[in-house]
Amino acid sequence: MSIIDRIKVKARENVKTIVLPEGDEPRTVQAAARILAEGLAKPILIGNIENIRKTAQETGTDIGGIELIDPEESSRSDSYAQELYELRKAKGLTEEDAKKLVRDTMYYAVMMVKLGDADGLVSGAVHTTGDMLRPALQIIKTKPGMKVVSSSFLMDFPNKNIGYDGLLVYSDCVVVPCPTAEELACIAVSAAETARDLCGIENPKVALLSFSTKGSAKHELVTKVQEATKLAHEMAPELELDGEMQFDAAIIPEIGASKAKGSTVAGHANVLVFPDLQAGNISYKITQRLGGAEAVAVLQGLAKPCNDLSRGCSVEDIVTTVALTAVQAQSV
Ligand code: ACO
């Protein structure tokens, strides 16, 4: 069974409510109907109700049984605006601005998740990554004990000899452009949690990647990864985690054994932590396009799950991301 199929099975075991703020977008409407029919989550579509119904009609989608909410008409908008004002007044948000913001579908949906009226959120078929992320970062914030929100890509290979039964977790490929050593350590710990809680990898083996293995090169960028490895050990001493190491030393047993003698991670890593966003983002795309892996992204480190879609996403991608979000919500 593929990782996505396993996640869908898990999503059905404890059904969560997932809000979709791009409620009148055609792929989102079709995905919501499939999510409900397949029992993956209870979807809520946010948007102008007339527009949502029109999209459903145009796409031949039955949206019976799906809750529809228009922030302009919602009885909750005033209380959400008040809560939003309380949360952001120290940052200069006025009551008037808060009232305007909750009428935006994205902010309304984030407030639903914040206040427990939904368990998670999926957006990004229309919004850019930044526009989707900012309200989540500002309002939902990080989970206790975690300083940074980041992402993992689940890279699912047809060759099941790679990684953990064909799965490698890549982090961070979406959020933090240039992490400090402390942020990199947080990313490593979060990626291990994603591997364990979402992917079912009981003992994640986490490698912090570099162009150097165990001091083979000397450079300030290498020093940063060494520091991050030390900090990650302090944050999560129980984790099987090692660095700094090159990609081949991380995943090829013979090279790991020769370049990083005695390491239980080298040669067997299934969670790969990249030193910055350029390395991570480029690597996941090379793996996807040239390595033939399926790539699915999740955000990690948020207090409640919110996930981003690519604007080129398919209906299937939205269904999958909602299932992932629902499973993340099970462990909040
Ligand atoms: N973790 C936790 N909190 C964060 C993070 C983070 N990684 N980044 C920003 N924040 C918080 C800030 O502390 C701030 O909180 P506050 O307002 O309460 O003080 C709030 O979020 C907003 O911060 P800004 O600095 O104003 O946000 P910024 O404009 O830097 O945007 C963003 C943050 C969107 C994550 C930015 O770093 C970004 O654009 N990252 C890259 C996204 C991207 O384009 N990825 C690649 C494409 S995606 C793909 O290929 C799949």
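This is a predicted model: local features need pLDDT of at least 70, side-chain atom pairs count only at pLDDT 80 or more; totals for chains, interfaces and linings use all residues.
Asp 165 sits in the loop between strand 5 and strand 6. Its phi is near 50°, a positive value in a residue that is not glycine. Why is that worth a second look? Most residues other than glycine have a negative phi.

You will find Lys 214 in the loop between strand 7 (205-209) and helix 9 (220-235). With a relative accessible area of 41%, Lys 214 is partly exposed.

The backbone has another feature for you to find. Most peptide bonds are trans. Here, however, a cis peptide bond joins Ser 171 and Asp 172, with omega at about -10°. Asp 172 belongs to the loop between strand 6 (167-171) and helix 8 (181-198). Another cis peptide bond links Gly 243 to Glu 244, where omega is about -15°. Glu 244 is part of strand 8 (residues 240-245).

Now turn to the ligand. Where does it lie? Residues for the shell around it come from both domain 1 (3-141 + 304-329) and domain 2 (150-296), so the ligand lies between the two domains. In total, 18 residues surround it, and the closest are Arg 88, Lys 91, Lys 141, Val 149 and Val 174. Sorted by class, the shell has nine nonpolar, five polar and four charged residues. Helix 7 (129-140) and helix 12 (277-291) each supply at least two of the shell residues, and helix 7 gives the most, with six.

Let's zoom in on some atoms. A polar side-chain atom of Lys 91 lies 2.8 Å from an oxygen atom of the ligand. Val 174 takes part through its backbone: one of its N or O atoms lies 2.7 Å from a ligand nitrogen. A polar backbone atom of Val 175 is 3.0 Å from a nitrogen atom of the ligand. How much of the ligand does the protein cover? On its own, the ligand has 1000 Å² of accessible area, and the protein covers 61% of this.

Next, look for aromatic rings that pair up. The structure holds three such pairs. One of them is formed by Tyr 80 and Tyr 108, a tilted pair with 4.9 Å from centre to centre and 55° between the planes. Tyr 80 lies in helix 4 (residues 77-88) and Tyr 108 in helix 6 (residues 105-114), so the pair ties together parts that are 28 residues apart in sequence. Both Tyr 80 and Tyr 108 are buried.

Phe 153 and Tyr 284 form a stacked pair, with 3.7 Å between centres and 15° between the planes. This pair links distant parts of the chain, since Phe 153 is in strand 5 (residues 150-156) and Tyr 284 in helix 12, 131 residues apart. Are these two residues buried or exposed? Phe 153 is buried, with a relative accessible area of 6%, and Tyr 284 counts as buried at 10% relative accessibility.

Finally, visit Arg 6 in helix 1 (residues 3-13). At 27% relative accessibility, Arg 6 counts as partly exposed. Its C-alpha atom is separated by 23 Å from that of Ala 118, which is 112 residues away along the chain.

Note on methods. Residues are numbered from 1 along each chain as its sequence is written. Side-chain values use heavy atoms; hydrogens and water are left out. A residue is near a molecule or strand if one of its heavy atoms lies within 4 Å of it. A polar contact is a pair of N or O atoms within 3.5 Å; within protein, one must be able to donate a hydrogen and the other to accept it, and residues adjacent in sequence count only if both atoms are side-chain atoms. Accessible areas come from the Shrake-Rupley method with a 1.4 Å probe; for residues, only the protein chains shown count as cover. Helices (H or I, at least four residues) and strands (E, at least two) are DSSP runs, numbered from the N terminus. Ala, Val, Leu, Ile, Met, Phe, Trp, Tyr, Cys and Pro count as nonpolar, Asp, Glu, Lys and Arg as charged, and the others, Gly among them, as polar. Domain bounds come from an automatic or database domain assignment. Rings of Phe, Tyr and Trp (its six-membered ring) pair if their centres lie within 6.5 Å; planes under 30 degrees apart count as stacked, over 60 as edge-to-face and the rest as tilted. Buried means under 20% relative accessible area, exposed over 50%, partly exposed in between (1.4 Å probe, protein chains only).
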